[in-house]
Structures are given as C-alpha cells and as structure tokens.
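Here is a short briefing for a first look at this protein. Start with the overall layout, then turn to the pockets.

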Amino acid sequence: TRPSSGSQSSGMSFYPPSATTTPTPPPVVPPKKEMPFQDMETSEWAQEAVKTLWEKGIVQGKSEDIFAPEDSITRAELAKILVTAFEIEGEAEECIFTDIQNSDWYYSYILRAFENQLIKGIDESHFGPDEEVTREMAATMIYRVCQLKNISLKEAEKTFTDDNVISEYAKEAVRILGGNEVINGYEDGSF
C-alpha cells in the first residue's frame, strides 16, 4: 500500500506532486450596447425600459437615432410589441380584418395576437392598425397576455379616481393590473 500524503512509513515520506495550474482568464463580457436614440434624455422615466426592450429586439425607434418616447403608439405597434416580447405563436394564415393586408409589416403580429385573443377589432371587419392605443386598450391587451401566459397576478385591485369613465371592457384589466402595480395612474390618482 502506498502511504497517504505526509504520512511516514519505513522512514520515507510521500508528498503528492504539486499541481501546476493555469490561471483561468476572466470571462469575456461583451461591451454594453449604447442605446442609439438621441431623444431619450428628456424621458428619464422610460430610459431603462426602452433600453431593455431595444436590446432584446422588441422595440425599434422611429429611425436609427430617434425613438420618440413622447409619441403615442398604434394598435399595430402594441400588437407587435406584445407578440414579440411574449413569443406568441400562431397558425392562422388569413386575417378577417379588411384593413389589414398580408403585405403590411404588422400582418403576422395582428394574426397571432387575434388568434390568441389578445386583441379584437374596432368592429367586426376592421382592426384599426394606425389608431392610437388608449391606456385602457393597452391595459386590456397586457391583461390578456398575462392570462394567456398564465402569469400569476395577485387578486389585489386598485380603483382609480376616474374609474367611472373607464370603459366596461377595460375595468377588470385596469383594476387588477393597477393592484399588481403593473400599471400606474397619474399623481392625482386617476388612470
């Protein structure tokens, strides 16, 4: 038998050879991408969210260096953001809305969002892709994504001071998302 490390037997000592190690180089961290949008300085409230969504390829600017954070977004743009961010799949190939053509940049996003019941039309045959999204429309679409993706929300509800003017179709979404601090109202307590 071989003596263990440092033990003595028959007047002889055994010491394991010293291990030579090659130092492990530090991991290579890719440089942080600088957000190219020159118009974000005045919108500090949105900088972190926009940068994160931009880095993930979920949002783009209006141009290479303009994001336009104070602009409203359209129904088509919000559909694209939600479908991309939450990786919404779909199999539909034809759209029921007459104001959506398969050559439109948003065609596949609208199809997937509609098929998964995240969106509805402004009437039976029109989607209104270029119409501005209202806060209650956005809340409703986000709430539907949470339901589709089984995102756990507390049963907490928040009632905003202007609850009486929020459309019936959006009340539950606004109250629950508000109660979960997914959305905020204004400083005066209104939505």
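The protein has 5 helices and 2 strands. Along the sequence they run in the pattern β-β-α-α-α-α-α. The model is a predicted one.

**Burial, contacts and surface**

- The protein is made of 191 residues, and 32% of them count as buried.
- Among contacts with a separation of 6 or more, 59% join residues 24 or more positions apart.
- The protein exposes about 13300 Å². Carbon and sulfur atoms supply 50% of that area.

**The largest pocket**

- The largest pocket holds about 1700 Å³ of space.
- Its lining counts 40 residues. Trp45, Leu53, Ile73, Leu78 and Ile81 lie nearest the centre of the pocket.
- Three helices each supply at least two residues of this lining: H1 (44-55), H2 (75-85) and H4 (135-148).
- By class, the lining has 26 nonpolar, 7 polar and 7 charged residues.

**The second largest pocket**

- About 180 Å³ of space lies in the second largest pocket.
- Arg75, Ile119, Lys120, Gly121, Ile122, Met137, Thr140, Met141, Arg144 and Tyr169 line the second largest pocket.
- Helix H4 gives the most to this lining, with 4 residues.
- The lining of the second largest pocket divides into 5 nonpolar, 2 polar and 3 charged residues.

**Link between the pockets**

- Helix H4 supplies at least two residues to the lining of the largest pocket, and H4 also gives 4 residues to the lining of the second largest pocket.

Methods. Residues are numbered from 1 along each chain as its sequence is written. This is a predicted model: local features need pLDDT of at least 70, side-chain atom pairs count only at pLDDT 80 or more; totals for chains, interfaces and linings use all residues. Side-chain values use heavy atoms; hydrogens and water are left out. Buried means under 20% relative accessible area, exposed over 50%, partly exposed in between (1.4 Å probe, protein chains only). Contact means heavy atoms within 4.5 Å. Accessible areas come from the Shrake-Rupley method with a 1.4 Å probe; for residues, only the protein chains shown count as cover. On a 1 Å grid over the protein atoms alone, a cavity is a set of points where a 1.4 Å probe fits but cannot get out, and a pocket is an open set with protein on both sides within 12 Å along at least five of seven lines; lining residues have an atom within 4 Å of a point. Grid points are joined across faces, edges and corners, and a volume is the space filled by probe spheres set on the points. Ala, Val, Leu, Ile, Met, Phe, Trp, Tyr, Cys and Pro count as nonpolar, Asp, Glu, Lys and Arg as charged, and the others, Gly among them, as polar.
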